[in-house]
Amino acid sequence: MELDALNLLTSEAILRAEALTDIGAPGAEASYLDVSLLEDQIAQATDPSSTEGALARQGAVGAAVLAGRTDRAEQLVILYSAQVGATDELRDELAGLIIRLTELRFQDRGMAIARGFPSASARYGAEAIVRLAETIVRQAEPLPIG
Amino acid sequence: METITFYSYKGGTGRTLLVAHTARYLALSGKRVVALDLDLEAPGLHYRLAPGTTPYRGVTDYLVDSLGAGRAPEAPLTDYVLPIAVPEGTDGRLWLFAAGPAPSGSYWKQLTSLLHLSPFLEANGTALAAVLDLKARIEDELTPDYLLIDARTGITEIGGMATSVLADKVVCLFVDNRESIDGTRAVIRSLRKAERPSGYPPVQVFPVLSRVTGDLEDLDEAKQFALEDLNSGATGSEIVHDVYPIRADPRIDNDDTSPASSPSVPLKGAFRDYRFLLSALMPAGQSGVSPAWARHVAVHQLVEWLISGGIGDRHRPVTPRAFRAEQIAEGLHIGDRGGVRYADVVVFASADDAKPILVAEYVDGDPRASTSWEWWQEHSEVRALILFSLSGGSVLDRRVFTRERFGEFVDRGDEWAVRWPLSFTLEDPGDLSTSALLRAVRSGEDGFVALLVQRWQNATYFGIHGGFDPDPAVAKEIIDGLASVRGEHAEWAIFWRTAPDVERLYAGMMGEEVMLEQHTTEALHAPLWWRLSAKGKIRHWQALSDRNTVAGIKMLASEIMGLTFDQDREFRAQAARLGRSKRRPRDFTTELDFEMHDGPPPELIRRVILESVDVQDSPGRPAHPKDVSPSGEELAQRALDSDEILDRLLRGPDRRPNVVTTNLLGGYDPTACRVTLYTRLVAWCARAIDCDPSALENVVLLHETVHALCHVGLDLDGCRWDEFALPMSTGLTFRPSALHEGLAQYFTFRMLERLADGPMMDAFERLTSVQPPEYEQWRRMRAVPAEVVRGVLIQARAGLANTLSALH
């Protein structure tokens with residue numbers, strides 16, 4: 001696909017994800033996965049040392065975090081950091097991005113949880129619930145059989 | 001609040017039942033309990049805790065409301081839960097948080113909405129927050145001591161939430177088969193390392209091996225095997241240290257000596273196993289048998305007793321069927337006249353009829369001292385009440401009250417017959433007097449026949465091992481009462497229950513049981529066979545291939561006529577010809593057959609022809625009745641439809657009936673060995689002589705059977721005299737055979753004397769009074785000993801001379 005077309009699609013996906021997040025739609029987080037996939041497509045078509053390439057890589061990793069797919073974000077960071085042309089600055093930026101956005105996401109989600117589910121938040125901590133949910137998802141099952 | 005999740009990898013482990021037991025027991029113990037049904041795809045907890053009730057809303061609705069809005073519903077939880085009744089005076093509370101109004105279309109739609117709204121495994125935490133919020137609200141709003149969760153089987157997201165996230169303790173049920181054990185082992189090991197909310201300790205797991213059969217030794221053995229299986233390849237924290245076995249049947253306990261028919265012993269069978277499990281689950285303050293536990297177990301012993309089968313075997317149930325589990329509910333508030341009261345057990349009229357007919361209330365202390373019955377009498381319409389308690393901590397002590405509709409309670413002591421639904425067809429379900437049971441059978445309720453037969457046996461039989469006190473009055477009341485029963489089903493039940501059980505006899509039944517069967521056959525079945533309706537006995541005779549109704553015929557042949565009747569004769573003759581007789585005589589033929597015929601009898605045809613001959617005195621009149629018989633039969637058929645013509649044909653000049661028995665009311669065909677009853681003529685005759693038509697049918701059938709036995713019966717030495725068949729009436733000048741009819745009437749009279757059946761004897765006397773002289777000889781002969789007449793019969797059958805004069 002042409003880079004221009006990818007950029008256009010990515011912009012639309014970002015707008016959509018942000019709008020869904022604003023209205024608290026249940027599928028908001030999943031929509032960031034679309035953004036991550038599109039940004040990754042742009043990243044594959046661009047040089048990591050270029051400004052556009054660096055932004056696309058940061059966008060792919062950041063959107064994965066916002067989608068709650070930290071595992072994917074971490075894999076992308078490993079992949080991008082090993083690419084020829086990846087600068088140390090980009091590597092540091094990507095690693096820091098995961099930490100910053102994850103914290104940000106926990107805070108945002110935690111605030112939403114605290115607003116919607118005050119009893120659970122008071123008992124277990126709103127951010128703790130989000131972290132637990134993510135851990136469970138990362139394990140793929142509430143019961144980690146096998 | 002402690003949260004205990006009940007989980008099973010496979011279904012059919014009794015999980016939901018255990019949740020219900022635990023919930024009720026804890027509530028009885030004064031605890032506040034919420035029972036939450038998270039088996040959303042197949043919910044069933046409401047069947048156990050609120051039978052007959054369809055929950056209006058449930059946890060599915062709550063979660064749809066939560067996830068749809070992204071926030072917890074503002075409505076209080078009391079809008080979603082169903083309070084379950086607990087006894088007055090206890091601090092306990094029990095709420096059912098059902099899955100929803102399942103099964104119903106609206107429920108499945110709501111469940112589909114829930115699954116579409118949000119997967120429970122979602123990293124944004126909304127679903128997890130909603131579930132945890134629910135738990136927190138339960139704790140805040142209902143303040144229970146225990147939250148009990150019935151979790152979904154298998155590996156599911158919601159099941160995982162219920163076990164690894166929500167629970168403090170998980171009761172993990174499994175049964176003794178490979179897939180159940182392998183799945184349970186994997187789940188237990190996973191639970192030990194499952195992620196938990198921050199600050200919460202790992203889940204405690206209690207493996208429960210359910211549906212164990214056998215006694216205590218089997219229980220220990222099953223437990224050891226299960227431990228070995230669960231610990232296969234286990235290391236470190238994976239090792240399971242204990243397994244709690246639960247037996248399949250609460251009544252099973254081979255080390256108990258109480259009679260099986262008595263509801264007793266609170267700590268036996270599965271209840272003792274439950275108790276051990278609950279002690280491990282809730283160790284604080286649970287030692288010993290608490291009053292709450294005693295009450296809980298007593299209730300379940302009572303329920304088990306109410307639904308346990310009747311006495312007897314599958315061939316011969318002695319008592320009626322007990323209640324079905326679907327008719328019984330535990331722990332409900334009942335009352336409809338200005339107040340409600342807690343009933344430990346409620347029995348409804350049927351699974352579909354919510355009208356309570358019996359309630360049972362557990363009382364502290366002696367039920368005989370309790371005045372609770374006054375409340376139930378005043379404020380309810382239940383027809384039976386059981387007040388029960390534990391006597392000496394082990395045996396159920398009870399006091400039963402029953403009443404007629406809108407009547408007052410009658411104290412029935414410890415009578416337990418109220419466990420039969422059939423009893424509630426009686427005017428008073430506690431009135432099991434013989435007269436009440438006979439009234440019920442006569443009104444078509446044949447379920448009491450077995451009970452009456454047993455009562456008759458007790459009143460008449462004194463076997464080699466002793467028996468009850470003989471009571472001829474009761475025996476006569478029963479046999480006379482049963483003899484007056486009319487109706488297809490009830491009569492069939494009497495025939496079936498009193499006839500010898502061929503299967504049991506062939507199964508090698510021995511000794512006293514055989515003697516009792518024989519006694520019942522000879523002294524009850526045989527006379528009843530003659531006294532019940534002719535239609536019923538003929539239908540029964542024709543339906544049964546093994547001819548176990550032959551006792552009535554044998555009674556007439558041997559006891560009255562001094563002959564034998566051998567229905568196996570043809571079979572054995574055939575078997576002898578085949579050179580072997582090993583085959584079980586199953587499809588043998590009898591030498592007698594019976595039929596009811598609503599067409600014209602030969603004697604009516606004869607009289608029709610005679611009348612037409614007189615009227616049509618023309619040159620072309622036929623010389624022999626056979627020449628006109630077709631038209632004669634048509635005329636006779638027409639006569640049957642007109643009482644006026646019948647009156648002309650069958651009454652004398654003085655208008656008195658002029659009837660014969662043989663060939664008019666009944667008949668015997670020696671070529672087919674068939675006894676026929678001409679029903680329409682018998683009905684006309686009964687009207688003409690003003691007697692019971694059913695009794696007259698029986699008299700005619702008896703008379704004709706005597707003719708049949710004169711023909712096919714064997715002398716005591718085995719001789720048969722075929723030539724002594726009753727002559728057929730085919731000629732216009734036919735006269736009854738004085739010899740045959742004299743003998744038939746005499747033996748009929750003797751049999752009627754033996755049967756002591758008032759209506760039959762009355763019908764016989766009235767009939768004889770309008771019959772030709774051949775039928776009246778018995779009056780002069782009634783003082784003659786039967787042995788003398790039997791001698792005459794033997795001589796007549798042998799063709800010896802002067803038999804008629806001997807008879808005279």
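This is a predicted model: local features need pLDDT of at least 70, side-chain atom pairs count only at pLDDT 80 or more; totals for chains, interfaces and linings use all residues.
## A sheet of chain B and its helices

Strand E18(B) pairs with strand E19 of chain B (residues 674–678) in the antiparallel sense, over four bridges, and Asp669(B) stands opposite Arg674(B) in E19(B).

## The eight-stranded sheet

Chain B also contains an open sheet of eight strands, in the order E3-E4-E2-E5-E1-E6-E7-E8, and the pairing here is again mixed. Strands E3 (82–84) and E8 (244–247) of chain B stand at the edges with a single partner strand each, so one side of each is left without a neighbour in the sheet. Neighbouring strands of this sheet are turned against each other by 25 degrees on average, direction ignored.

Strand E6 of chain B (residues 169–174) and strand E7 of chain B (residues 204–212) pair in the parallel sense over six bridges, and the bridge partner of Leu173(B) in E7(B) is Val208(B). In general, the strands of a sheet pair through backbone hydrogen bonds, either parallel or antiparallel.

Elsewhere in chain B, the axes of helix H19 (residues 551–560) and helix H26 (residues 738–755) come within 11 Å and cross at roughly 110 degrees, which makes H19(B) roughly perpendicular to H26(B).

The contact is made by Leu556(B), Glu559(B) and Ile560(B) in H19(B), which meet Phe747(B), Arg750(B), Met751(B) and Arg754(B) in H26(B). By class, the residues of this contact divide into four nonpolar, no polar and three charged.

## Nonpolar cores

The largest nonpolar core has 139 residues, and those with the most contacts inside it are Ile129(A), Ala35(B), Leu96(B) and Leu148(B). Helix H5 of chain B (residues 126–142) gives the most to this core, with ten residues. When its neighbours within four places in sequence are left aside, Ala35(B) is in contact with Val19(B), Ala23(B), Leu45(B), Leu49(B), Leu94(B), Leu96(B), Phe97(B) and Leu148(B). Apart from this core lies another, of 104 residues, among them Val441(B), Leu528(B), Val699(B) and Leu755(B).

Leu142(B) has its place in helix H5 of chain B, and it counts as buried because it has 20 C-beta neighbours inside 10 Å. Leaving aside neighbours within four places in sequence, Leu142(B) is in contact with Val34(B), Leu77(B) and Trp95(B). The C-alpha atoms of Leu142(B) and Thr78(B) are separated by 8.1 Å, although these two residues are 64 residues apart along the chain.

## Chain A and its side towards chain B

Chain A has seven helices and zero strands, so that reading along its sequence gives the pattern α-α-α-α-α-α-α. Of its 146 residues, 40% count as buried. Among the contacts in chain A with a separation of 6 or more, residues 24 or more positions apart account for 54%.

Where the two chains touch, 29 residues of chain A are in contact with 36 residues of chain B. Helices H5 (88–116), H6 (118–124) and H7 (126–139) of chain A each supply at least two residues of the side of chain A that touches chain B, and the largest share of that side, ten residues, comes from H7(A). By class, the side of chain A that touches chain B has 16 nonpolar, seven polar and six charged residues.

Technical notes:
Residues are numbered from 1 along each chain as its sequence is written. Chains are lettered from A and ligands numbered from 1 in the order in which they are written. Two residues are in contact if their C-beta atoms, placed from the backbone, lie within 7 Å. Ala, Val, Leu, Ile, Met, Phe, Trp, Tyr, Cys and Pro count as nonpolar, Asp, Glu, Lys and Arg as charged, and the others, Gly among them, as polar. Axes are lines fitted to C-alpha atoms, for helices over the stretch in contact, and angles run from 0 to 180 degrees between N-to-C directions. Angles under 35 degrees count as roughly parallel, over 145 as roughly antiparallel, 65 to 115 as roughly perpendicular and the rest as oblique. Two strands pair if DSSP finds at least two bridges between them. A nonpolar core is a set of buried Ala, Val, Leu, Ile, Met, Phe, Trp, Tyr and Cys residues joined through C-beta atoms within 7 Å. A residue is buried if 20 or more other C-beta atoms lie within 10 Å of its own, exposed if 12 or fewer, and partly exposed in between; C-beta atoms are placed from the backbone.
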